[in-house]
Amino acid sequence: MKTFLILGAGTGGTMMANKLAKKLNPDEWKIVIVDQEETHYYQPGFLFIPFGYYKPEDVIKQKRAYIPRSVEFILSKIEKIEPAENRVILAQGNRTLSYDYLLIATGTDIHPEEIEGMNDGGWHKNIFDFYTYAGTVALGEFFKGFNGGRLVLHVAEMPIKCPVAPLEFAFLADYYFTQRGIRNKVEMVYATPLSGAFTKPRSAEALGGMLTKKGIHLEPDFDVSGVDSSRNVISSYDGRELNYDVLVTIPTNMGAPFIGDSGLGDDLNFVPTNKHTLQSDKWKNIWVIGDATNVPASKAGAVVHFEADTLIENIMLDIKGLPLKESFDGHANCFIESGYGKGMLIDFNYETEPLPGMFPLPIVGPFPLLKESFINHWGKLSFKWMYWNILMRGLPMPFPDQMSMVGKRP
Ligand SMILES: Cc1cc2nc3c(=O)[nH]c(=O)nc-3n(C[C@H](O)[C@H](O)[C@H](O)COP(=O)(O)OP(=O)(O)OC[C@H]3O[C@@H](n4cnc5c(N)ncnc54)[C@H](O)[C@@H]3O)c2cc1C
């Protein structure tokens, strides 16, 4: 028997376990998946919890319920990969697992300790993240007693997962404070290391315009140097100081520490990966999916799905000794919640920035691109159903894997 070992049972690991269980011959292959947690969080739902639009329990399921019975699930922290020996060391009982093929799907996490003073006195008191379950639930509790003041929303450095989530947070906060009748008592600032609201020029212009329309001050090129929680001030290297009553931050995002400890990561512990085949640059029997890779695509669940289609095809080709296909084009497709029951949609890839027009989809579409609409809001909300019932079962989505120009206005 050969072993296909998957590290991480989040979005990418679960999706691939389902796809592999359907494709690999069970008489030849044993599939094993390892994760440190029993709970599978629907991370896109973290956005809605601070405003009470989702309850904490709305984003929680059990990992095992989405892993096929034929796949062995091991609950353990992963300590190290020894790629030259084709083995992985687990924290649980110092256990060692050998593999023939390895898939790394251990995602990315926030690291507030990378910013001086960030997690000193104010962490989860008046400094919050919404990228973790604990952070978003704590922020929701804080907002219940918040009746006005200065809210600074801060992005530390790129890349971050779901790069539009901070903007969505700003738009939803504007809507939430308006609904509560206290918007005129809340001053909002959006501090980003980028020179505009977003990375790509046309969407940066459209999204920056929306911040202005909603009365949210944009503080661009804000390269954070530290936080002084005794004075409630966040500073940048060029000497700017922003004072806050509440700071909502997206701290540095990094790959799992064991990736660095195994000599497999770049300086942020992301795995150098071929951006079209999704094979590790260094080890031919190691594959990488999702937020753990260093590919210059968005770190998003929708992207993980497009990557999974390339990966399953390439893994099956590789097993047969055939050449790999360079089919992953960086395709990303993200709904951007904008408040007041509306949303936007962007669709892009490595080569093409988000463009205006319409995104065709049979039966429920088309969805307007780079433009607010009610249907895009419903698209965003329906992603949760699709996540649990289609993506996490490894089933195909009604989208082309590669970005299409149909409906777009260049
Ligand atoms: C606030 C927020 C909003 C978002 N909104 C959207 C959205 O609207 N649309 C969208 O497409 N995407 C969105 N995303 C992004 C999306 O959730 C991620 O890109 C996706 O989940 C990445 O999948 P992954 O498999 O790479 O990593 P994950 O799903 O994070 O899985 C990684 C797994 O690895 C495990 N792991 C890590 N280290 C170890 C270790 N040492 N030992 C054992 N196990 C380990 C973890 O426990 C975890 O289960 C959002 C994310 C956030 C935080």
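This is a predicted model: local features need pLDDT of at least 70, side-chain atom pairs count only at pLDDT 80 or more; totals for chains, interfaces and linings use all residues.
## Strand β1 and its partners

Strand β1, which spans residues 2-7, is mostly covered, with five of its six residues buried. Its pairing with strand β2 (residues 29-35) is parallel and comprises six bridges, and within this pairing Lys2 has Trp29 of β2 as its bridge partner. The two strands also belong to a right-handed β-α-β unit, in which helix α1, covering residues 11-23, is the helical element together with β1 and β2.

Strand β1 also pairs with strand β9 (residues 101-104), again in the parallel sense, and here four bridges join the two strands. In this pairing Phe4 of β1 stands opposite Tyr101 of β9.

## Phe4 within strand β1

Phe4 lies in strand β1 and has a relative accessible area of 0%, so this residue counts as buried. When residues up to four places away in sequence are set aside, Phe4 touches Leu20, Leu24, Trp29, Lys30, Ile31, Val32, Tyr101, Leu103 and Ile315. These contacts can be read against the elements already described: Leu20 is among the residues touched by Phe4, and helix α1 runs over residues 11-23; Trp29, Lys30, Ile31 and Val32 are also in the contact list, and strand β2 runs over residues 29-35; Tyr101 and Leu103 are contacted as well, and strand β9 covers residues 101-104.

A separate distance relates Phe4 to Phe328, a residue 324 places away along the chain: the C-alpha atoms of the two are separated by 22 Å.

## Strand β9 and its link to β20

Both faces of strand β9 are covered, with Tyr101 and Leu103 buried on one side and Leu102 and Ile104 buried on the other. Besides its four bridges to β1, strand β9 pairs with β20 in the parallel sense over three bridges. Strand β20 comprises residues 286-288, and the bridge partner of Leu103 in that strand is Trp287.

## Loop residues

Asp129 is placed in the loop between β11 (127-128) and α2 (133-144), and its relative accessibility is 1%, so it counts as buried. Leaving aside residues up to four places away in sequence, Asp129 touches Ile110, Trp123, His124, Gly135, Thr136, Thr249 and Pro251. The C-alpha atoms of Asp129 and Ile250 are separated by 6.0 Å, although the two residues are 121 residues apart along the chain.

Two asparagines have a positive phi value, in each case in a residue other than glycine. Asn232, with phi near 55 degrees, lies in the loop between β15 (224-228) and β16 (233-236), and its relative accessibility of 21% means that it counts as partly exposed. Asn269, with phi near 65 degrees, is found in the loop between α5 (257-261) and β20 (286-288), and its relative accessible area of 15% places it among buried residues. The two residues fall into separate classes because buried means under 20% relative accessible area.

## The cis peptide bond and the cavity

The peptide bond from Met158 to Pro159 is cis, with omega near 0 degrees, and Pro159 is found in the loop between β12 (149-155) and α3 (165-179).

Met158 is also one of the residues lining the largest cavity. A search of the whole structure finds one cavity of 30 Å³ or more, and the largest cavity holds about 50 Å³ of space. The lining consists of Val155, Met158, Ile160, Pro163, Pro166, Tyr190, Thr192, Leu194, Ala197 and Phe198. By class, this lining has nine nonpolar residues, one polar residue and no charged residues.

Note on methods:
Residues are numbered from 1 along each chain as its sequence is written. Side-chain values use heavy atoms; hydrogens and water are left out. On a 1 Å grid over the protein atoms alone, a cavity is a set of points where a 1.4 Å probe fits but cannot get out, and a pocket is an open set with protein on both sides within 12 Å along at least five of seven lines; lining residues have an atom within 4 Å of a point. Grid points are joined across faces, edges and corners, and a volume is the space filled by probe spheres set on the points. Ala, Val, Leu, Ile, Met, Phe, Trp, Tyr, Cys and Pro count as nonpolar, Asp, Glu, Lys and Arg as charged, and the others, Gly among them, as polar. Buried means under 20% relative accessible area, exposed over 50%, partly exposed in between (1.4 Å probe, protein chains only). Two strands pair if DSSP finds at least two bridges between them. A crossover is right-handed if, with the strands pointing away from the viewer, the path from the first strand over the helix to the second runs clockwise. Contact means heavy atoms within 4.5 Å.
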